[in-house]
Amino acid sequence: MNPKDKPDPHDWKMPESLFNALIDAGKTNKRVVFYTNPPYGTATNVKADGTSKKGIAKSKVNELMVK
């Protein structure tokens, strides 16, 4: 979607205020940061071969969150 094309607000997948804030940020070259929910993992494999995914959550982000 082109920000210059303002479709019917009922078709938007985001609140009108967010859409307009993103347009304003683009006009002023402000940076926008999006935080997303990380994917989820399970501690075991689907296969019952005795393997596991122990430690799947250990990452740099996890270390920062623990601190």
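The protein has two helices and zero strands. The model is predicted. Buried residues account for 6% of the 67 residues in the protein. The protein exposes about 6700 Å², and carbon and sulfur atoms supply 58% of this area.

The helices are α1, covering 16-27, and α2, covering 60-66, with a loop between them. α1 contains 12 residues, and the span from its first C-alpha to its last is 17 Å, close to the 16 Å expected at 1.5 Å a residue. Within α1, the residues F19, I23 and A25 are buried. Viewed down the axis of α1, the buried residues fall within an arc of 160°, so they line one face of the helix. An α-helix has 3.6 residues a turn, so residues three or four places apart point the same way.

| Property of α1 | Value |
|---|---|
| Span from first C-alpha to last | 17 Å |
| Arc of the buried residues | 160° |

α1 is followed by N29, which has a positive phi. N29 is located in the loop between α1 and α2. The phi of N29 is about 60°, although N29 is not a glycine. Most residues other than glycine have a negative phi. What is the relative accessibility of N29, and does N29 count as buried or exposed? The relative accessibility of N29 is 69%, and N29 therefore counts as exposed, because the cut-off for exposed is over 50%.

Key. Residues numbered from 1 in each chain as written. Predicted model: local features only at pLDDT ≥ 70, side-chain atom pairs only at ≥ 80, totals over all residues. Heavy atoms only, no water. Helix = DSSP H or I, 4+ residues; strand = E, 2+ residues; numbered from the N terminus. Buried < 20%, exposed > 50% of the residue type's maximum accessible area, 1.4 Å probe, protein only. Areas by Shrake-Rupley, 256 points an atom, 1.4 Å probe, with all protein chains shown as cover. Expected span 1.5 Å × (residues − 1). Arc of directions from axis to C-beta.
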